[in-house]
Amino acid sequence: MEGRSKTSIKDICCLALSLVLKDKVHFPGSPGYTASLGSYAALQEIAVEPRCIVTPKNTKDVSSAVRVLSTTTPAGSKGCQFAVRSGGHAAFAGAANIEGGVTIDLTGLNSVTVQQTTSDNESPIISVGAGARWGSVYSVLEPLNLAVNGARAGSVGVGGFLLGGGLSFFGPRSGWSFDTVTNFEIVLFDGRIVNANAHTNPDLLWALRGGTNNFGVVTRVDLQSFPQGDIWGGQTVHLISTLDAQINFLASFSDPATYDEYSSLITSFAYNNPATGGPGMSLIANQMEYTKPIANPPVFHGLTDDLPPPLFTTQRVTNLTDIVTEVAAGNPDGVFWQFSASVTIKAQLDAINATVQAWNRSIESISTIPGIIWAVVMDPLPPQLYAEHSDGGRANALGLGARNKGESLIIVQLFASWPSPATGSPEALDEVVDMAARRLIADIETESKKLGALDRFVYANYAAPWQGVFESYGKESLKRLREVRKRYDPVRVFTKMVPGGFKF
């Protein structure tokens, strides 16, 4: 009886939606449902099966969906539980999908519009649907010699990326990606459509810069563009024997006094256990970009000229779309089980070394998983990025600028991916990876704290579901986020009825 009751509640929510949105509501077995579910990045999300999927085509459709879901409360239920996705790139189950509930898939909101300017010397505002992918945004802007401060992988969706922060090749000279959003169009808990910008609802603008999905459904963003031509970039891969030189370079590169704002670096220390058997191998990959068409710029000579020749390199002068397509190809959607967690350290030599050593010790705990890639990925975070372009950090909710006085940080992402096992339960391997990750994150935190190099910040776009993202912003930011939520979602629809993601 209980099972039938639960099923009927789910059906009532989906039926109510289908009466309003008709063929934009898809049920299991239909082509629309199958296509949407199969387009997530991680297999964990593909394994989650909603009762129905809504594919709105415009903001009005989203408004109708939210109004129906927030007002349909079958007897004995907690209301219509739902999820919202743009690109679906989060690496854990339920982040942007929901078992047995309703998933709103925003990928149909993918327009890219260049607004007219009032001056020939003014770079235009770019209006982008929240369901667009960054690769398509760049491809529209390139013929105009323009760019925006977006993602480094072309397959990443616009909406979720921006609500969590956004790290970009242009970050050192433009800040967090969400700091370059001039306006968010958002559907609130009761279906109202409002804008959040410096003049209208400025408190909501602040909260959306880091507050993730807790205030409504963002349907469009307006981004400040800037002139941009070709860039230099690509990836190099070296043997782990170059470890000491690589760590020294990363610490030196991160120095805020000499940081080149046109440069971008991601250094990954990665272990791969071949799916076909044989010994595993540890390697070091560097994703280097210089946002001018200058081949092998001096800022990277410590990696390009002073190390032994790489095992391979893809470095060249090319357009931005080409680079972000290459980055996305390294981690294709819907192929692997994935895991991500995050910790932030100061960009000092001993802390970087301690983090790499902790990773190296952890390899044994996952080394029997066929095909696994187990990596710590280091993203330099100079004050030029997190403070100078956001009013000292006050323009967003992250709380970084106020307490880090000109120090460079490094966001460390623990990233893992592995294929479905030939035998046995995929969920069992997921648990093994999760336990190993918890131990490694705790080890990094312990060792960094000993060195006075641990920062409390947890980056939402890389965080594991058990990490305290909003607590890491600090008490003042958390208090203000709650005040903004009370004004714009007083009944907490996006807290209680949208369980995915991170809540406060």
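Me: What do the side chains of R220 and D222 meet in?
Reply: A salt bridge, at 3.0 Å from N to O. The term stands for a side-chain nitrogen of Lys or Arg within 4 Å of a carboxyl oxygen of Asp or Glu.

Me: Where do these values come from?
Reply: This is a predicted model, where local features need pLDDT of at least 70 and side-chain atom pairs count only at pLDDT 80 or more, while totals for chains, interfaces and linings use all residues. Residues are numbered from 1 along each chain as its sequence is written, and side-chain values use heavy atoms, with hydrogens and water left out.

Me: Back to that pair. Is D222 buried or exposed?
Reply: D222 is buried, at 7% relative accessibility. R220 is partly exposed, with a relative accessible area of 24%. Buried means under 20% relative accessible area, exposed over 50%, and partly exposed in between (1.4 Å probe, protein chains only).

Me: Which residues are linked with R220 and D222 in a network?
Reply: E185 joins R220 and D222 in a network of salt bridges.

Me: How many salt bridges are there in the whole structure?
Reply: The search finds 15.

Me: Why would side chains pair like that at all?
Reply: Opposite charges can pair when the charged atoms of the side chains come close.

Me: Next one. What is the N to O distance for R316 and E326?
Reply: Their side chains form a salt bridge at 2.7 Å. R316 sits in strand 16 (residues 316-318) and E326 in helix 11 (residues 320-329), so the pair ties together parts ten residues apart in sequence. Helices (H or I, at least four residues) and strands (E, at least two) are DSSP runs, numbered from the N terminus.

Me: And how accessible is R316?
Reply: R316 is partly exposed at 22% relative accessibility, and E326 is partly exposed at 25%.

Me: What about R361 and D443, what do their side chains meet in?
Reply: Another salt bridge, 2.9 Å from N to O. R361 belongs to helix 12 (residues 349-362) and D443 to helix 14 (residues 426-450), so this pair ties together parts that are 82 residues apart in sequence. R361 counts as partly exposed at 49% relative accessibility, as does D443 at 22%.

Me: Which residues does S477 touch?
Reply: W206, A397 and G399, not counting residues up to four places away in sequence. Contact here means heavy atoms within 4.5 Å.
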